[in-house]
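Subject: Structure for you to look at

Hello,

Here is the structure I promised to pass on, with my notes below it. Have a look at it first, then read on.

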Amino acid sequence: MLEVSGITRIFGGVTALDDVSFTIGQGSVTGVIGPNGAGKTTLFNIITGIYSRTSGSVKLGGKDITGLPPEQLARLGMVRTFQNIELFGAMTVLENVMVGLHTKSSSGLLACSLMMPWSIAEERRIRKAAMHWLEFTGITGLADDTAGNLSFGNGRLLEIARALAVEPRIILMDEPAAGLNSQETLGLAQLIGKIRGMGITVVLVEHDMELVMDVCDRIVVLNLGKKLAEGTPREIQENTEVIAAYLGDG
Ligand SMILES: Nc1ncnc2c1ncn2[C@@H]1O[C@H](COP(=O)(O)OP(=O)(O)OP(=O)(O)O)[C@@H](O)[C@H]1O
């Protein structure tokens with residue numbers, strides 16, 4: 001469902017990505033791993049329309065999406081989360097999810113905030129949908145808390161809830177376990193399983209190898225901007241080149 005073909009990105013004199021190609025199957029969980037500076041975040045930024053590529057293409061469900069901006073990608077069913085959590089800190093947890101839903105609603109944010117009669121039912125529907133995603137990610141009890149006061153782990157869950165509210169076909173997560181304690185990481189693994197259970201394709205850049213090996217069906221390994229290997233967790237763990245370049249470090 002996601003086809004990355006020959007992606008190259010040169011920043012000044014630095015080749016961050018060099019002819020990287022792989023395909024991701026519908027409903028699968030894929031990990032993108034590799035040492036610092038391998039090009040993982042650059043790859044995510046190109047797929048999700050934040051950076052342009054020097055050459056190559058990206059297709060989603062057979063449609064060429066190369067270079068489309070994030071809002072358009074969200075409408076096509078692709079969302080992402082960031083390494084540094086990006087939330088509306090002054091809003092409540094519930095409002096953070098509702099904002100994402102308002103962008104899809106027919107009434108729009110202005111009509112809803114003015115409490116126009118036709119928008120009241122819509123507002124109720126959006127509130128209910130947002131509560132569903134808080135429940136799905138296990139943070140219903142925090143609905144009325146200010147997002148800026150959340151712990152790092154709960155902030156991450158909120159970011160995932162907000163992305164899921166768009167009802168994506170594919171979600172890309174950039175280092176979702178970074179900054180989480182081991183209990184929170186276990187919870188994240190379960191949540192990724194639940195997301196996959198809904199038929200949503202998951203792609204994650206991640207350094208936590210236990211999590212990657214646990215949740216991924218397939219792994220793509222990048223090193224110095226090139227694809228070094230691709231395969232099942234077991235194949236990757238046994239690949240001598242991968243061990244030498246990355247896994248061997250500890
Ligand atoms: N905006 C930029 N301008 C110039 N060089 C960049 C830019 N973004 C990334 N690079 C370079 O591209 C290479 C790949 O970086 P990237 O952040 O994609 O690696 P990464 O695999 O995500 O690393 P990490 O695991 O540390 O997050 C690095 O050499 C980096 O310095």
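How many bridges join S1 to strand S4, and do these strands run parallel or antiparallel? There are five of them, and S1 and S4 (residues 55–60) run antiparallel. Please keep in mind throughout that this is a predicted model.

Let me stay with S1 for a moment. Within its pairing to S4, Thr8 faces Ser55. Strand S1 (residues 2–11) also pairs with S2, again in the antiparallel sense, and seven bridges hold that pairing. Here Arg9 has Leu17 of S2 as its bridge partner. S1 and S2 form a hairpin with two residues between the strands, and Gly12 in this hairpin adopts a positive phi near 55 degrees.

Now for the ligand. The residues around it are Phe11, Val14, Ala16, Gly34, Asn36, Gly37, Ala38, Gly39, Lys40, Thr41 and Thr42. Two elements give two or more residues to this shell, namely strand S2 (14–24) and helix H1 (40–47). H1 gives the most, with three residues.

The next thing to look at is the open sheet of six strands. Its order is S6-S7-S8-S3-S9-S10, and the pairing is mixed. Strand S6 (78–81) and strand S10 (226–231) are at the edges with a single partner strand each, so one side of each has no neighbour in the sheet. On average, neighbouring strands here are turned by 15 degrees against each other, direction ignored.

Inside this sheet, strand S3 (residues 29–33) and strand S8 (residues 201–205) run parallel and are joined by four bridges. Val32 is placed opposite Val205 of S8. Helix H7 (residues 182–197) packs on the sheet and touches S3, S7 and S8, with its direction at about 145 degrees to that of S8.

Is Ala178 buried or partly exposed? Ala178 counts as partly exposed because it has 16 C-beta neighbours inside 10 Å, while a buried residue needs 20 or more. Ala178 and Val79 are 99 residues apart along the chain, and 19 Å separates their C-alpha atoms.

If you leave aside residues up to four places away in sequence, Val97 touches Ala130, Trp133, Leu134, Ala161, Arg162 and Ala165.

Val97 is also among the buried residues of H3, together with Val93, Leu94, Asn96, Met98, Gly100, Leu101 and His102. Helix H3 (residues 93–102) is largely enclosed by the rest of the structure, because eight of its ten residues are buried.

Best wishes

Notes. Residues numbered from 1 in each chain as written. Predicted model: local features only at pLDDT ≥ 70, side-chain atom pairs only at ≥ 80, totals over all residues. Near = placed C-beta within 6 Å. Pairing = 2+ DSSP bridges. Axes fitted to C-alpha atoms, helices over the stretch in contact; angles between N-to-C directions. Contact = placed C-beta atoms within 7 Å. Buried ≥ 20, exposed ≤ 12 C-beta atoms within 10 Å, placed from the backbone.
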